[in-house]
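Okay, everyone, let's get going.

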Amino acid sequence: MNDEGKPSVGWKVLGVLSMLMGFASISTDVYLPAMPAMARSLGASNGMIEYSITGYLVGFAFGQLLWGPISDRHGRRAPIAIGIVLFLFGSAGCALAGSAQAIVAWRLLQALGAAAGVVIARAMVRDLFVGPQAARVLSTLMVVMAVAPLVGPIVGGQVAAMAGWRAIFWLQVGIGLFNLATLYTLPETLPVAQRHDGRLLDVLGHYARLVREPRLMAYAAGGGFFYVGMFAYVAGTPFAYITYHHVPPQLYGLLFGVGIVGIMGSNAINARLVARHDSDTLLLWGTTLAAVAGVGSAVAAYWDVGGLWGLFFTLFLFVASTGFIVANSIAGALSDYPGQAGAVSALVGAFQYGSGVFGSGLVGLFADGTPRPLGFIMALAGVGACVGAAMLTRVPRAVRLAA
């Protein structure tokens, strides 16, 4: 324990938290190169396979609302373990599924379990760190956890080529088992004396009060619109790159990986700048970049400006803005409500990933064999995120909900 009575934080603990926060990427990015092959194997349309991402986001958004209050009441470690078990069942179900509709359903369960690791890991960071230090640690963890989505599509493409797309989901089962085994190194960061004892109706009422907080909703809007674009990108690029621009599935992971390198770089820069600049300012910078890049991707997609590389470059800029948006929106929200880290983390995360439902869903709904729907959605998402972040300048930080 340190001088403040909190558990001492070593690199092993930070490593486990990083892996838990990377569950969302592990669950999605690894199988992206296999999506066209899944559509052919299951006799499904491209749009139907894209709905597997939408189903995942529905479960992930709901799961965050569920696990946040549970962790505030029962501590952090036990709920994470239960969530990983659900993730294991969902992953195995996807591997054995006989239809695209079954995969969508199993992905929902997979996401429900994965959400526990992500939302509770963020709350644990807030248990251990405060203010700018929390934002810096979140950015650092995101740099580390970005290794998973960096190598995930590359590994997924190779696994699919050698053993078929079902082997990718068995790989996810193995990753889940490994994470379950590492939990013994994770300390309990929420003492019993600090836990909240509330009924479900109390929790729902608490969420209702939180959504009336202007600053919290501004953070949620900035991150939420951005996630519309991010999951449009995740759902749309396999078909935009592989089907439309004829990129080999094995090379798709390299293009996707370059975007992850951009995320790692922006997170590293943000971790340094957050000590000198207000996190709200960095959030506005990031969303402005996302807006410009989103509009650029729409231009590239509609008029085929630059072909594959024109689309790739604008999408890269959008994705690279992640480092300035995600960590600062989450850390800013948590800093305003320090006594409610689990509930706030859950609500902001639910808004973000719930918004992603619209991104992936709209790409699937308007799929026409071209990158145009993807570009249009990216433009709307970037502009919306920028407007949400700008709203923070109109609401003073002193407006807070009492713990």
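Arg 76 sits in the loop between helix 4 and helix 5, the latter being residues 77–96. Keep in mind that this is a predicted model. So, is Arg 76 buried or exposed? Buried means under 20% relative accessible area, and Arg 76 comes in at 1%, so it counts as buried. And what does its side chain do in there? The Arg 76 side chain makes a polar contact with the side chain of Ser 71, at 2.9 Å.

Next up, helix 3, which covers residues 35–42. Which residues are buried there? That would be Met 35, Pro 36, Met 38, Ala 39 and Leu 42. Why are they on the same side of helix 3? Because the arc they cover around the axis is only 160°. As for what covers these buried residues, the list includes helix 4 (46–74), helix 6 (100–128), helix 9 (166–182) and helix 11 (214–244). Then, just after helix 3, you get Gly 43 with a positive phi of about 65°.

Last one: Phe 324, over in helix 15, residues 322–336. With a relative accessible area of 14%, Phe 324 is buried too. So who's around it? If you skip the neighbours within four places in sequence, Phe 324 is in contact with Ser 266, Ile 269, Asn 270, Leu 273, Leu 282, Leu 283 and Gly 286. Take Ile 269: Phe 324 and Ile 269 are 55 residues apart in sequence, and their C-alphas are 8.4 Å apart in space.

Okay, that's my tour. Over to you.

Terms used:
Residues numbered from 1 in each chain as written. Predicted model: local features only at pLDDT ≥ 70, side-chain atom pairs only at ≥ 80, totals over all residues. Heavy atoms only, no water. Buried < 20%, exposed > 50% of the residue type's maximum accessible area, 1.4 Å probe, protein only. Helix = DSSP H or I, 4+ residues; strand = E, 2+ residues; numbered from the N terminus. Arc of directions from axis to C-beta. Contact = heavy atoms within 4.5 Å. Polar contact = N/O pair within 3.5 Å; in protein donor to acceptor, adjacent residues only side chain to side chain.
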